[in-house]
Amino acid sequence: MELSEVLRKRRGELGMSQAELAAAAGVDRRQIRRYEAGEQQPVLSVAVAIAHALEITVNELAGQPRHRIDLSGVWWMTWQTARGGESVVAAQEVNFAQQEELIHLETIARGLSVEAGGYHWRGELRLWDQEVLMGWYVANDGPVRSKGTLYFVLHPHGVSMTGRWVGLGFDSKIMTGWGTASRSKDEAVALNEQLQAERGETP
């Protein structure tokens, strides 16, 4: 894409007006209009300021898209938690819908039966520097109140992720446990067991 098209597209994605972008980048609004019309090209220092305001790199502003790993699709996620003082690992299918760095999560099935404490939830993860994902989750299944935060480290090839969750659970308002994700259930479970064995931690 040309710089002018990138400018218009990215500004629209962020819901910014030309005046807001101009103010954020420290340039005159008429200059933004000229850049978007393709009448002028910004000098390097201005391009850096505009890219920063648009939360993209200068290369992306110049129309050279950064490679982004695509994590969309169905994943198996596991959660180490506790119920009644006993450690439990739940595994469930979760749909990942990625838009740029933001990933929307929605469970496909409960990881445990309703009687055992299984529930549906939704959430979001944001991918940072192609290696770390941070976000949140919240139950959307009847009266279940569980909600909290997520932190994962992505495998270099994007085939799995490992991390922790912290949130409201059945036994306490502040609980934590290991969490994993993979394209297969067996691998996701094995990764969780490996984390527990290596760190010797319980929720």
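User: Is Phe96 buried or exposed?
Analyst: This is a predicted model, and the answer rests on values computed from it. Phe96 has a relative accessible area of 1%. Buried means under 20%, so Phe96 is buried.

User: How many aromatic pairs are there?
Analyst: Rings pair if their centres lie within 6.5 Å. By this rule, the count of aromatic pairs comes to 4.

User: What kind of aromatic pair do Trp75 and Phe96 form?
Analyst: The centres of the two rings, Trp75 and Phe96, are 5.2 Å apart, with 20° between the planes. Planes under 30 degrees apart count as stacked. The pair of Trp75 and Phe96 is therefore stacked.

User: How many residues apart in sequence are the parts that this pair ties together?
Analyst: Trp75 lies in strand β1 (residues 73-83), while Phe96 lies in strand β2 (residues 86-99). The pair therefore ties together parts whose separation in sequence is 21 residues.

User: What kind of pair do the rings of Trp79 and Trp121 form?
Analyst: The ring centres of Trp79 and Trp121 are 5.7 Å apart, and their planes stand at 80°. Planes over 60 degrees apart count as edge-to-face. The pair of Trp79 and Trp121 is therefore edge-to-face.

User: Which strand holds Trp121?
Analyst: The pair of Trp79 and Trp121 links distant parts of the chain, 42 residues apart. Trp79 is in strand β1, and Trp121 is in strand β4 (residues 121-128). The strand that holds Trp121 is β4.

User: Which residue lies over the face of Trp178?
Analyst: A charge sits over a ring if, among other conditions, CZ of Arg is within 6 Å of the ring centre. Here the distance from the ring centre of Trp178 is 4.3 Å, and the residue over its face is Arg164.

Note on methods
Residues are numbered from 1 along each chain as its sequence is written. This is a predicted model: local features need pLDDT of at least 70, side-chain atom pairs count only at pLDDT 80 or more; totals for chains, interfaces and linings use all residues. Side-chain values use heavy atoms; hydrogens and water are left out. Rings of Phe, Tyr and Trp (its six-membered ring) pair if their centres lie within 6.5 Å; planes under 30 degrees apart count as stacked, over 60 as edge-to-face and the rest as tilted. Helices (H or I, at least four residues) and strands (E, at least two) are DSSP runs, numbered from the N terminus. Buried means under 20% relative accessible area, exposed over 50%, partly exposed in between (1.4 Å probe, protein chains only). A charge sits over a ring if NZ of Lys or CZ of Arg is within 6 Å of the ring centre and within 35 degrees of the ring normal.
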